[in-house]
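Biologist: Could you take me through this model and show me how each kind of feature should be read?

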Amino acid sequence: MDKKILSEFIDAAGNGNVLYDEKDLFPYKRGSIDRIEEMPEIAIKIFDEKSISKIMKIAHKYRIPVIARGGGSSPTGAVVPEKKGIVLDMRPLNAISVNIRDGYVEAYAGATLEEVNNESRKYGFFFPPDPSSVSISTVGGAINENSGGMRCARYGVVKDWILKIDVVLSSGDETSFGESIYKNRGGFNFVDLICGSEGTLCIVKKAYLKIMPLPEKITRIAGFFNTIEESANAIFSIRKNGLNPLILEYADYYGIKAANEIKKWNYPEAHGGMVLVDTDYGENYLSKIQNVLEENNAFKIFIPGNEEEYNNIFEIRRIAFAAPGLLFKGFIDGDIVVPLSKLTDAIEGINQVRIKNNVYIATCGHAGDGNLHPQIGGNPDNISEWENVKKSVREINDLAVRLGGSISGEHGIGKIKEDDFIRQLKYKNQIKTLEFMKSVKKIFDPENILNPGNFALGGNYD
Amino acid sequence: MIDGLLSELEKESTKCISCGFCDSVCPTYKTSGYDMTKTSRGRAQIGYNLFKELKSGEISMDISDTFYSCLDCHVCVQVCPTGVDSGKISDLAKNIISSTKKYEKPEVKAIVKNIMKYKKPLIIRNESYSWYDGFEPEKCDTLLYTGLMYQLMPYTENLEQLRKKMGKKSFYAMISIAEKIPVITKFLKPDHSSVERANKTLKNIIYILKMSNVPFDLLKSNEPYPGTLLYEYGYIREFKEYIKYVYNILKKYHSIITIDPHTYNLLKYEYPKYIPDFNLNVIYYLDMVDKNMLYKSDEHFAFHDPCHFQGEFKYNNARKIIENMGNVSYPDRNGNRTYCCGGPDELLFPSLSRNVSRERYKQLKNISGNIVTSCPICLYSLSRNGDIVDIADVIQMHLKN
Ligand SMILES: Cc1cc2nc3c(=O)[nH]c(=O)nc-3n(C[C@H](O)[C@H](O)[C@H](O)COP(=O)(O)OP(=O)(O)OC[C@H]3O[C@@H](n4cnc5c(N)ncnc54)[C@H](O)[C@@H]3O)c2cc1C
Ligand code: SF4
Ligand code: SF4
């Protein structure tokens with residue numbers, strides 16, 4: 001980078017917070033899972049909220065791309081830097097204050113959702129959306145990915161819990177959207193627009209998050225099934241019977257196997273997978289769930305007897321997400337979502353792709369809201385193997401669209417799903433969405449410096 | 001040799017999906033000022049790059065700080081969804097650095113030379129050997145082997161003072177002299193009050209064992225250093241060579257009683273890997289303590305689990321004993337998710353070490369002002385922030401008679 005520009009950034013961010021050494025930049029090259037990487041020109045650690053505006057003014061002046069980074073856990077390439085770009089490392093900006101009387105938490109963008117919950121718990125409250133990456137997912141990242149998680153079938157996703165955001169625009173000007181009140185009809189809903197915008201519209205500095213009292217007692221139960229059909233039916237029946245669990249999760253045979261291998265456990269490696277349910281309505285409710293699992297032929301019911309068992313069974317579902325990581329050099333993250341009534345077809349359809357293409361697919365997901373993560377493993381260095389992986393991803397994404405669903409429930413589009421996203425819009429006759437997205441982008445970021453080359457926005461607006 | 005290391009490094013680091021879960025528990029992330037090169041994910045990712053670079057040529061960046069700053073607490077592996085142990089990656093990388101001789105650290109080289117030559121990392125002064133004054137060891141086949149850990153810790157304080165006083169540049173100049181003439185460390189004085197405290201704890205350990213009717217011999221000032229730092233700094237070739245000398249002394253005994261987690265793990269689990277005819281019964285002194293001698297007081301302790309009692313070689317008896325003497329609470333980070341005391345970074349990254357220890361002390365202090373641990377490194381490191389006692393001192397106070 002030009003020495004003069006660099007010194008401007010150093011003045012703005014403070015000496016020691018601007019990194020330009022290859023060694024220091026190395027860890028900023030990538031997000032998670034996808035192996036797309038690019039070395040940024042510099043990375044800036046944000047400790048002082050005031051520095052963001054100063055940095056943006058400089059970046060705007062010289063038209064330098066800026067990629068905001070929270071926990072860097074995005075698996076779609078959304079947080080991969082631009083070659084001549086800057087990474088804003090937001091993680092150090094993480095102060096949190098809980099306002100119980102008005103029912104919200106004020107959290108800076110770099111705070112993780114786990115940190116938000118740890119603070120809220122002190123007052124008997126929690127922030128309901130819970131991506132399984134809570135320990136690393138930051139407020140800024142979760143907003144920009146509109147993250148979901150296990151409790152979302154009951155509570156909705158991140159956008160449903162954001163009252164207000166303070167942002168820095170691409171010009172360096174500051175503003176805020178929304179109000180820290182529970183209802184607000186003042187103007188277009190810009191908060192929802194920013195949620196899921198993948199860092200392309202503005203830098204989120206701080207957010208006001210709605211919280212609610214902690215559930216009293218959570219009970220947990222898992223059912224293991226011999227066939228995929230049985231487990232899919234069990235999930236469907238829970239819903240059909242009007243039961244409203246706190247979480248309703250699914251992990252298939254491959255996920256359970258990987259968890260057993262890593263943790264040296266021996267939970268049943270059920271060919272039909274595991275359905276995991278949490279409830280907060282007491283023992284009676286638990287037995288209703290148990291009945292449904294049994295009616296659908298669960299060959300084993302597991303109710304944790306102590307804290308360790310309670311945590312371990314949950315850990316299986318968490319590990320299942322990353323199962324191919326244990327066996328393969330690479331994998332592509334799947335994130336399809338289908339109507340609840342089509343869940344059986346989706347799980348079956350994934351199985352058909354597995355058999356037809358002879359690929360490794362470990363599927364887990366938030367069954368309660370129809371969101372599945374078919375994770376497809378392979379070796380990126382082996383061209384034909386990797387092509388087969390990509391082809392399988394495409395087939396599964398197309399399957400979701402055909403079933404009336406979408407290629408992404410919560411992880412977003414980033415760089416790796418742009419083509420499939422455009423195909424989805426075309427299939428659904430919604431290409432106008434992309435046109436409007438580009439127009440909105442132009443209003444927010446006329447110089448196209450905020451995470452360009454992401455979210456199918458491309459660089460060309462004409 | 002390097003090929004074997006590389007394939008192990010590949011096996012461990014390719015599993016990393018770069019999710020960052022481990023960063024949430026790695027003690028060196030926030031405390032290093034969010035330095036992404038000094039965190040578990042950074043270590044896994046840079047470890048993978050190290051493998052790739054060495055496979056096709058040379059290491060292009062000085063990555064030594066990344067791996068030497070790892071505390072070896074192995075908490076990262078507990079939360080990793082693919083089971084990566086960045087502590088192990090750091091161990092392999094340090095071994096590679098010492099084998100290839102690229103990016104070695106001058107301080108580390110000086111310490112390694114000292115150990116190889118004087119059988120100790122530093123020259124230990126007489127005052128550190130006064131703890132057994134007046135005690136008559138028994139000539140028997142059991143040896144109480146201190147591993148010199150309690151004795152050495154008081155010297156690190158002054159090493160840091162020296163570093164501060166001299167400034168980084170002249171300190172490194174001195175280090176490079178020490179590397180050539182290791183005996184220079186003779187002039188390094190220990191911190192007095194720390195020596196006294198270490199002597200008191202060592203005296204208590206002897207006393208507790210005597211009260212438990214355990215006969216044992218002592219090597220007094222002839223005791224060799226077990227080679228801990230050679231192992232921990234990844235100088236495995238030197239370690240292998242060095243421990244032959246130690247083993248020759250120890251093998252005259254049947255049983256070895258160790259008194260700190262580092263020496264215990266080293267002797268029990270690492271020595272046998274490198275010494276084909278290893279045949280020693282390695283015991284931890286707390287296992288010899290007769291629990292019936294202890295009474296339970298109404299004191300409330302906050303117990304700090306030393307990392308080396310967790311993970312693969314879990315040792316639970318320290319917890320059982322402290323629970324026999326009072327009401328014990330553990331901070332949120334406990335058991336196999338404990339939070340390191342920062343001690344292992346003391347020599348090479350003093351300010352990082354202090355930040356980690358300050359953070360841990362805060363967590364403990366939030367529970368009780370009566371903080372206890374059972375490792376000389378934890379004890380020393382945490383004591384920089386306030387009061388903390390060794391479990392041996394608590395036992396001595398809780399003997400029925
Ligand atoms: C093992 C694993 C499990 C996961 N489980 C789930 C799950 O259950 N549910 C789920 O929804 N997701 C999940 N994810 C995906 C990911 O963790 C979430 O999307 C997460 O919320 C991203 O947060 P982050 O802080 O890591 O964001 P990052 O990856 O750092 O960034 C994500 C995007 O947000 C932008 N961004 C970040 N901060 C800001 C800011 N302050 N201002 C503007 N833009 C910003 C970035 O530029 C990027 O485009 C998982 C990922 C992994 C690896
Ligand atoms: S938790 Fe494991 S997979 Fe995730 S970044 Fe850390 S080492 Fe890599
Ligand atoms: S062993 Fe400890 S210090 Fe080292 S990377 Fe793992 S968590 Fe961090």
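Biologist: Which residues are around ligand 3?

Modeller: A residue is near a molecule if one of its heavy atoms lies within 4 Å of it. By that criterion the residues around ligand 3 are B:Cys26, B:Pro27, B:Ser40, B:Arg43, B:Cys70, B:Leu71, B:Asp72, B:Cys73, B:His74, B:Cys76, B:Ser86 and B:Gly87. This is a predicted model, in which local features need pLDDT of at least 70 and side-chain atom pairs count only at pLDDT 80 or more, whereas totals for chains, interfaces and linings use all residues. Residues are numbered from 1 along each chain as its sequence is written, chains are lettered from A and ligands numbered from 1 in the order in which they are written, and side-chain values use heavy atoms, with hydrogens and water left out.

Biologist: Which helices supply at least two residues each to the shell around ligand 3, and how do the residues of that shell divide by class?

Modeller: Helices (H or I, at least four residues) and strands (E, at least two) are DSSP runs numbered from the N terminus, and here α2 and α5 (86–100) of chain B each supply at least two residues of the shell. For classes, Ala, Val, Leu, Ile, Met, Phe, Trp, Tyr, Cys and Pro count as nonpolar, Asp, Glu, Lys and Arg as charged, and the others, Gly among them, as polar. The shell around ligand 3 then divides into six nonpolar, four polar and two charged residues.

Biologist: What does the shell around ligand 2 contain?

Modeller: Its classes are nine nonpolar, three polar and one charged residues, and of the 13 residues around ligand 2, those that come nearest are B:Cys16, B:Cys19, B:Gly20, B:Cys22 and B:Cys80.

Biologist: Why is the site of ligand 1 shared between chains?

Modeller: The site is shared because residues from chains A and B surround ligand 1. There are 38 residues around ligand 1, the closest being A:Ala68, A:Ser73, A:Ser133, A:Thr138 and A:Ser147. A polar contact is a pair of N or O atoms within 3.5 Å (within protein, one must be able to donate a hydrogen and the other to accept it, and residues adjacent in sequence count only if both atoms are side-chain atoms). Oxygen atoms of ligand 1 lie 2.7 Å from a polar backbone atom of A:Gly70, 2.8 Å from a backbone N or O atom of A:Gly148 and 3.1 Å from a polar backbone atom of A:Glu198.

Biologist: How should I read the contact between chain B and chain A?

Modeller: Taking contact as heavy atoms within 4.5 Å, 30 residues of chain B are in contact with 37 residues of chain A. The count of residue pairs in polar contact between these chains, both residues at pLDDT 80 or more, is 11. On the side of chain B that touches chain A, the largest share, five residues, comes from α2(B).

Biologist: Which side chains meet in a salt bridge there?

Modeller: Side chains of opposite charge can pair when their charged atoms come close. A salt bridge is a side-chain nitrogen of Lys or Arg within 4 Å of a carboxyl oxygen of Asp or Glu, and between chain B and chain A the count is one, formed by B:Lys30 and A:Glu115 at 2.7 Å, N to O.
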